[in-house]
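Let's walk through the charged pairs and one of the pockets of this model. Keep the 3D view open as you read.

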Amino acid sequence: MILVIDVGNTRLKWAWLTSTGLSDQQAIVHREAKPGLWTAALFESGQKPTRVLVSNVAGPTMAKTLTQLAKKMFNANVEFVTAAQEFHGLTNGYLDPTLLGADRWLALIGAWTLARSAVKVDSVDANGQHLGGLIAPGIHMMREALMNKTSDIAKAVEHSTPSLAGVLANNTIGAVSRGAVFALAGMADRAAEIIEQSTGVKPKLFITGGDAGMITGTMRAHGEIVPDLVLQGLAVIAAQSG
């Protein structure tokens with residue numbers, strides 16, 4: 001049994017890889033939470049893995065915590081996965097492959113494995129060449145930036161009714177939330193259009209992450225939501241290196 005863990009800036013997601021495949025993804029918020037509130041679910045489930053593979057973009061403190069707990073609870077060393085130049089026909093498109101985030105690299109591996117063609121936005125062509133990608137603030141980060149940097153909006157939010165009825169918002173808090181969703185959906189749509197124009201092939205879209213449902217509901221292009229795409233990438237690496 002192998003434990004695969006995807007640590008984002010806010011949430012920690014994990015699944016168990018066995019001979020029958022990958023279990024359903026589980027998730028918990030770790031940001032600004034006391035360690036005991038999120039570690040119990042992961043390390044005190046009664047299951048004991050033979051290997052632990054991790055994608056971590058939450059920094060060295062999280063890496064140290066996971067390393068110590070895995071050793072203490074499972075007597076296992078954590079294998080932190082990072083981006084490489086190439087993986088079984090998939091080629092990293094970054095000039096310095098090590099600078100590509102582990103989560104993006106693993107999502108590419110997951111998508112490449114699912115489709116053999118192919119919201120951070122990344123693209124890979126039918127030959128396995130990573131074409132590069134885009135990074136933008138997520139929905140929550142956009143909201144926080146507006147609240148912290150624009151006093152008039154922050155003040156108006158205090159007196160707003162949190163309603164998202166209709167296509168366009170009729171209150172400030174709804175306008176902030178809807179604006180962030182539209183921004184990301186528009187970026188994804190435009191990226192898909194440019195990729196199709198430059199390659200001559202309509203891309204198959206996989207959408208992952210906690211805000212995937214909100215974004216795909218607003219996009220013009222049709223994308224398949226794959227909540228555990230990073231974990232699927234970890235599972236592929238685990239199977240290849242076991």
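## Salt bridges

A salt bridge here is a side-chain nitrogen of Lys or Arg within 4 Å of a carboxyl oxygen of Asp or Glu. This is a predicted model, where local features need pLDDT of at least 70, side-chain atom pairs count only at pLDDT 80 or more, and totals for chains, interfaces and linings use all residues. Residues are numbered from 1 along each chain as its sequence is written, and side-chain values use heavy atoms, leaving out hydrogens and water.

The count comes to 5 salt bridges. One of them joins Arg51 and Glu79, with the closest N and O atoms 2.8 Å apart. Arg51 sits in strand S5 and Glu79 in strand S6, so the pair ties together parts 28 residues apart in sequence. (Strands are DSSP E runs of at least two residues, helices H or I runs of at least four, numbered from the N terminus.)

## Around Glu193

Arg220 pairs with Glu193 at 2.7 Å between the closest N and O atoms. Arg220 is exposed at 69% relative accessible area, while Glu193 is partly exposed at 28%. (Buried is under 20%, exposed over 50%, partly exposed in between, with a 1.4 Å probe and protein chains only.) Arg190, Glu193 and Arg220 form a salt-bridge network.

## The second largest pocket

Glu224 and Lys204 make a salt bridge of their own, at 3.9 Å. Helix H6 gives the most to this lining, with 4 residues.
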